[in-house]
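The sequence and the structure are shown first, and the description follows.

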Amino acid sequence: MGKVIKFNQDEDFNEEHEEKDLAEKEPKDNLQDFPPFLKDLREYILGYYPNTISDILGFSGFIKNDSPYVFVGYVIWQDKKGNYSTTPLIAMFRNQDKRFSFLNAKNHYFDPAVLKSDIERLGINIEEIYKHIDEEINKLI
């Protein structure tokens, strides 16, 4: 079973899921709060974009924290110029098979269509997750 994580504590998304606050003002201080998979995902992304991304500040969305490890949601990150961005992201790690895609990127290291298909075969509805996250965000605005 997966769980829902958010940038800040709000109403429960689903009683079956656990929420966790992962985005603090001091990103270096909250790394111990990241589940192990998100720590690995953070380092993996930073390794692919060393000239673009200076830090990953947090994740918000759905996480399945056992094999295969899956994340569907948004990542907040800081670029080398100090600008902040929030980007939709999907990721799946299974043993040595480690893939992620920023869904609004023009170029991908991994085929997002294949990655989406692999995640959805696990019974995870990506579109439904984004729909719910976006509805929650719109309530806050």
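## Strand E3 and its neighbours

In this predicted model, Gly73 stands opposite Leu89, a residue of strand E4. This position belongs to the pairing of E3 with E4 (residues 84-94), in which the two strands run antiparallel and are joined by 10 bridges. E3 and E4 also form a hairpin, with four residues between them. In the turn of this hairpin, Gly82 has a positive phi of about 95 degrees.

Strand E3 also pairs with E2 (residues 53-64), again in the antiparallel sense and over 10 bridges. Here Phe59 stands opposite Val75 in E3. A hairpin of four residues connects E2 to E3. Strand E3 itself, which spans residues 69-79, is mostly covered, since nine of its 11 residues are buried. As a general point, side chains in a regular strand alternate between the two faces of the sheet.

## Salt bridges

The model contains eight salt bridges. One of them joins the side chains of Arg42 and Glu43, with an N to O distance of 2.4 Å. How exposed or buried is each partner? Arg42 is buried, with a relative accessible area of 5%, whereas Glu43 is partly exposed, at 47%.

Another salt bridge links Arg99 with Asp97, and their closest N and O atoms are 3.0 Å apart. Arg99 counts as buried because its relative accessibility is 12%, under the 20% cut-off. Asp97 is partly exposed, with a relative accessible area of 29%.

A further salt bridge is formed by Lys116 and Glu127, whose closest N and O atoms lie 3.9 Å apart. Lys116 belongs to helix H2 (residues 112-120) and Glu127 to helix H3 (residues 126-140), so this pair ties together parts that are 11 residues apart in sequence. Lys116 is partly exposed, with a relative accessible area of 26%. Elsewhere, salt bridges with shared partners join Asp97, Arg99, Asp118 and Arg121 into one network.

The lining of the largest cavity consists of Tyr49, Phe100, Ser101, Phe102, Ala105, Asn107, His108, Tyr109 and Phe110. These lining residues divide into six nonpolar and three polar, with no charged residue.

Conventions. Residues numbered from 1 in each chain as written. Predicted model: local features only at pLDDT ≥ 70, side-chain atom pairs only at ≥ 80, totals over all residues. Heavy atoms only, no water. 1 Å grid on protein atoms, 1.4 Å probe; cavity = no way out; pocket = protein on both sides within 12 Å on 5 of 7 lines; lining within 4 Å. Nonpolar A, V, L, I, M, F, W, Y, C, P; charged D, E, K, R; others polar. Salt bridge = Lys/Arg side-chain N within 4 Å of Asp/Glu carboxyl O. Buried < 20%, exposed > 50% of the residue type's maximum accessible area, 1.4 Å probe, protein only. Pairing = 2+ DSSP bridges.
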